[in-house]
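Subject: A structure for you to look at

Hello,

Here is the structure I promised to pass on. Please have it open while you read, and my notes on what was found in it follow below.

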Amino acid sequence: MREITVASDVYSLGAILFELLAGRSPFDADSDLEMLRLVAEQEPPALRSINPLADHDLETICAICLQKEPARRYASAAALADDLERWLRHEPIQARRISPWRKAAKWVRRNPVVAGLTALLGVALLGGFAGGGWLLQSLTTQRALSGNLHLSLASDALAHDQTDRGIIMLAQLLRQDPHNAAAASTLLAALSQRNLPLPVAGPMEHEIEMNQVAFSTDQRFLAAACGDKVAKVWPLPEAHARGDAPVELRHASTSSPLAALTNPPLVLLHSNGVNAVAFSPDGGRLATASEDQTARLWALPDGQLIASLAHTNPVRQARFSPDGRLLATLAADPIPRVFDAHTGKLRHEFVGHRGNVTHLEFSPDGARLLTTAEDARLWDLHTGQLALPPLQTGANVCMAAFTPQGDRLITASADGRLHQWDAHNGAPLTNVIVVASNRCFHAAYSPNGQRIATAARDVRVWEAQSGQPLLPALPHASKAELVCFSPDGSKLLTLNAWNAVHLWNAATGEPWGQTFRSVIYFFDAAWSPDGNWIATCGGNGVAMVYDVRAGYSPPLILPHKKPVRWATFSPRGDRVLSVSDDGTARVWNAFTGLPVTPLLTHTGAVNVARFGPDGLLVFTASEDGTARRWNAESGQEILPPLLHGEPLRELVLDAQGRHLATSTALGNVRVWNVQSGAQPAEFRWPGGTNTIGPPVRQLSFTPDGKTLVLSCADGWVRMWDFASRQPPRELLQLLGPIWNCRVSADGKRIAVGCFGFAAVMADLRTGRQLIPVLYHDSEVAQVALSPDGRILATAATDGTARLWDAFTGSPLALPLRHTNAVTGLEFSPDGRRVVTASRDGTARVWDVATGLPLCDPLRHPKTVFHAEFSADGQRVLTACSDGAARVWEIPAPGGPAPVWLSALAEAAVGQRFNAAGALEPVLPAEFARLQAEILAGTSQDAWSRWGRWFVSDRSTRTIAPNFPVTIEEYVRRLETDGNPVRLREAALLSPPSPRP
């Protein structure tokens with residue numbers, strides 16, 4: 001067997017690209033073994049032999065990827081991506097030599113204004129208007145194919161933690177085609193649902209690499225240490241935006257939020273590179289540590305030199321004591337030093353380490369200094385002597401840290417082990433934590449001291465008390481050199497030694513927002529004191545500040561006490577009706593999430609509920625054997641319950657709201673008059689059939705309301721003219737229990753999904769099968785028809801949903817994939833999107849035309865039983881086994897995207913493609929300009945409402961553009977609910993405590 005290399009990845013990517021363009025895989029086989037034989041022995045078909053409209057260059061790209069000999073494929077996935085981007089820019093690809101004629105064709109595509117009139121004129125002269133029409137159709141088809149591929153690449157980037165790249169690709173696509181609704185929806189979802197860090201300040205530039213950044217305690221300033229022999233201090237914009245009295249630095253204007261970044265900052269000089277900076281707790285002084293063998297104390301805001309502290313070796317670190325009275329320094333020698341932080345007078349030199357000191361830290365009470373080298377030592381700052389015997393770990397100690405409470409400390413060693421100690425007596429506290437097989441670079445306690453985060457080959461979070469891991473390893477492309485909790489403990493910041501700074505949800509380990517990437521090393525990153533911002537700096541000599549507060553749009557959570565198996569929108573979409581195993585149903589406001597009615601109670605689990613056609617009544621069916629009718633506004637029961645004596649499984653109404661049909665666990669079906677409660681007809685299952693689940697699984701009225709369709713577990717679809725009181729007639733039989741069926745809007749056809757891995761379309765009058773059987777790899781649990789009846793969607797327990805032409809049975813897109821069974825699916829009112837629900841704990845929204853996801857998975861803690869769109873198509877409702885229904889805003893404004901949308905998206909991620917197709921930076925000033933322009937606008941269209949929401953202050957805006965619920969109000973609701981999942985959500989959304 002050949003070694004698996006990057007060439008295997010290129011082959012896999014080529015197969016995916018082939019399937020995207022051809023609608024089928026390169027090889028079709030009935031078994032995995034046969035598939036492997038075909039891959040090994042046969043050449044894949046030419047792409048254009050299957051899809052004649054495919055571009056020649058795309059055919060070449062696929063062919064290169066699918067070469068039998070690995071050496072003949074693209075050398076890397078990056079090389080493949082480069083060629084695809086050349087194709088998208090209409091440039092010659094590298095995969096083959098381009099003839100002069102084809103180079104000329106490429107030139108025409110890159111210069112349509114120059115060449116377009118000539119080409120059209122030539123076509124008109126040679127072929128007349130018919131030929132011109134054919135050309136236009138061909139160009140339109142190729143443009144659509146190009147757009148779909150571009151959208152696919154952007155979706156793939158978003159799915160693989162390349163948020164910035166995915167967003168700028170979508171922005172470019174929308175700039176070229178503002179009418180691309182799928183690209184617009186995907187871009188809005190990416191900007192709305194992700195914690196996208198927004199630029200606050202920068203770029204703050206030095207001549208060469210920056211070594212460290214630090215915020216002042218009051219968050220007015222950012223200081224940076226640089227190898228160009230200077231430290232610089234910048235005033236930060238939000239201090240002025242908050243209305244605080246500005247503190248002016250020499251040479252720095254503060255007339256506007258960004259003006260301070262366009263004028264020279266305060267510059268503090270050394271005679272060699274500066275390694276570190278530190279603000280005093282009161283913000284009135286700055287310490288700098290330099291390769292010139294000095295540490296220096298500076299007064300702020302004027303930058304006056306207070307003292308130069310001489311050392312015999314380069315100084316690598318400087319730290320103020322918690323009260324600001326002392327300054328500790330670490331040089332490239334074994335002797336840590338402590339100085340008076342006001343006068344610069346030397347107070348202590350601690351002698352005893354055998355090797356160079358690697359780290360130092362004051363205890364929280366400021367009484368002791370912790371230093372590390374071959375061991376860890378605690379020094380008494382009053383006596384200048386060791387406070388405890390050295391803490392020996394058996395290996396050199398890389399760093400150490402106190403808990404915020406000062407009662408314990410950790411040491412991280414070069415052998416990859418982490419030790420905990422009692423900070424008062426030096427006794428070891430827990431079993432040794434083995435972090436890695438080699439060096440542990442960094443470790444940090446959470447603010448409450450209950451967790452420890454470690455940085456090595458990957459990042460891990462441990463329970464401090466037991467030393468047990470709390471989360472799976474947080475992966476890094478290379479070793480992690482820095483890890484620190486946010487001030488409130490809700491997030492983690494980690495620094496990759498190569499070129500990435502990551503943010504994580506500290507409770508779940510999931511990524512929190514965009515990964516920060518640089519073409520050159522990151523050297524440092526730091527949290528602001530309030531946890532709202534982070535600063536980054538690195539080898540490119542640039543520092544940036546980002547707002548990292550929760551920027552995603554959370555769902556409205558509608559809580560019950562037990563699993564919610566069903567929820568539905570009212571016909572107008574302004575109400576939600578949810579039911580639960582806790583024996584209750586409830587009507588909610590679909591925009592605020594507040595209850596409209598009191599709990600509608602049964603004595604058993606409520607399985608299903610429906611609104612009446614006018615939305616004024618609701619109907620519920622329960623395990624207690626009753627169906628009940630309620631006023632949708634008051635919650636009052638309006639008529640006596642409809643009694644069955646058996647647990648109810650299903651309840652449906654006809655389109656006119658005249659009849660109500662119910663079915664029981666034993667398969668007995670009744671039809672009731674909605675107004676009077678009279679029972680005009682009943683069908684009783686004959687019994688004795690060995691079936692899976694209830695004998696009658698689903699009920700559906702025909703559009704005229706005269707006939708009831710029964711999906712039965714014996715494999716039959718039955719039609720019941722209930723007014724005649726005759727038994728149902730057998731319409732259609734499949735090989736397995738019928739899980740689900742849908743009647744087309746015109747009442748002429750029926751879609752059926754069954755336990756036998758199949759779905760069919762049939763004539764509703766005759767039962768004649770209209771298309772070939774559509775197969776899945778497991779049970780087809782749900783089917784749905786688009787509003788116009790042209791597209792059939794099927795969902796199966798194999799974890800896929802599929803889209804088919806309802807008249808031919810041809811597949812229309814790649815499978816819509818989940819990682820567990822798909823439990824439900826519904827089309828949007830306009831038929832352009834479909835939403836799926838799954839046991840994998842997600843709901844997903846897909847573009848029907850391409851089969852691509854239009855947003856991130858809508859994540860839930862447990863199984864999602866049901867999902868549907870609101871009447872306006874702008875919201876999705878889900879029902880989950882965690883005991884809640886949720887309403888998600890999924891923006892999909894109509895019409896062309898505004899010009900500012902692409903510019904705003906690029907400014908938000910700080911990058912864009914220039915005319916040559918290369919990436920270039922977008923400065924924060926551009927984001928600030930667009931923000932001001934959008935906030936000043938008065939238009940009330942959907943695009944403008946979304947734009948104003950996106951750029952508004954994250955701590956005070958509403959949770960979504962059309963949900964009039966502020967973050968503060970919503971957090972308060974989540975906190976009073978008491979559910980642990982919702983309490984964690986509240987902690988993430990809650991703005992951190994104000995700065996001191």
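Predicted model: local features only at pLDDT ≥ 70, side-chain atom pairs only at ≥ 80, totals over all residues.

Residues are numbered from 1 along each chain as its sequence is written, and side-chain values use heavy atoms, with hydrogens and water left out.

Back to Leu-474. You will find Leu-474 in the loop between strand 23 (459-463) and strand 24 (480-485); helices (H or I, at least four residues) and strands (E, at least two) are DSSP runs, numbered from the N terminus. Leaving aside residues up to four places away in sequence, Leu-474 touches Asp-458, Val-459, Leu-492, Trp-504 and Gly-509, where contact means heavy atoms within 4.5 Å.

Next, the nonpolar cores. The largest one has 53 residues, and the members that touch the most others are Ile-167, Leu-191, Leu-901, Leu-904, Trp-946 and Phe-950 (a nonpolar core is a set of buried Ala, Val, Leu, Ile, Met, Phe, Trp, Tyr and Cys residues joined through side-chain atoms within 4.5 Å). Another core lies apart from it, with 43 residues, including Val-501, Ile-557, Ala-879 and Ala-885.

The aromatic rings come next. The structure holds 10 aromatic pairs; rings of Phe, Tyr and Trp (its six-membered ring) pair if their centres lie within 6.5 Å, and planes under 30 degrees apart count as stacked, over 60 as edge-to-face and the rest as tilted. One of them is the stacked pair of Phe-350 and Trp-379, at 4.7 Å centre to centre with 20° between the planes. This pair links distant parts of the chain, 29 residues apart: Phe-350 is in the loop between strand 13 (346-349) and strand 14 (359-362), and Trp-379 is in strand 16 (residues 376-380). Both of these residues are buried. Trp-512 and Tyr-552 form an edge-to-face pair, because their ring centres are 6.0 Å apart and their planes stand at 85°. Both Trp-512 and Tyr-552 are buried as well. Elsewhere, ring pairs link Phe-683, Trp-685, Phe-701, Trp-720 and Phe-722 into a cluster.

Finally, have a look at strand 15 (residues 368-372), where five of the five residues are buried. Which residues of strand 15 are buried on one side, and which on the other? Arg-368, Leu-370 and Thr-372 are on one side, with Leu-369 and Thr-371 on the other. Strand 14 and strand 15 run antiparallel and are joined by four bridges (two strands pair if DSSP finds at least two bridges between them). Within this pairing, Leu-360 has Thr-371 as its bridge partner. The hairpin of strand 14 and strand 15 has five residues between the strands, and Gly-366 takes a positive phi near 75° there. On to strand 16: five bridges join strand 15 to strand 16, again antiparallel, and Leu-370 stands opposite Leu-378. A hairpin of three residues connects strand 15 to strand 16.

Enjoy exploring!

Best wishes

Definitions and conventions. Buried < 20%, exposed > 50% of the residue type's maximum accessible area, 1.4 Å probe, protein only.
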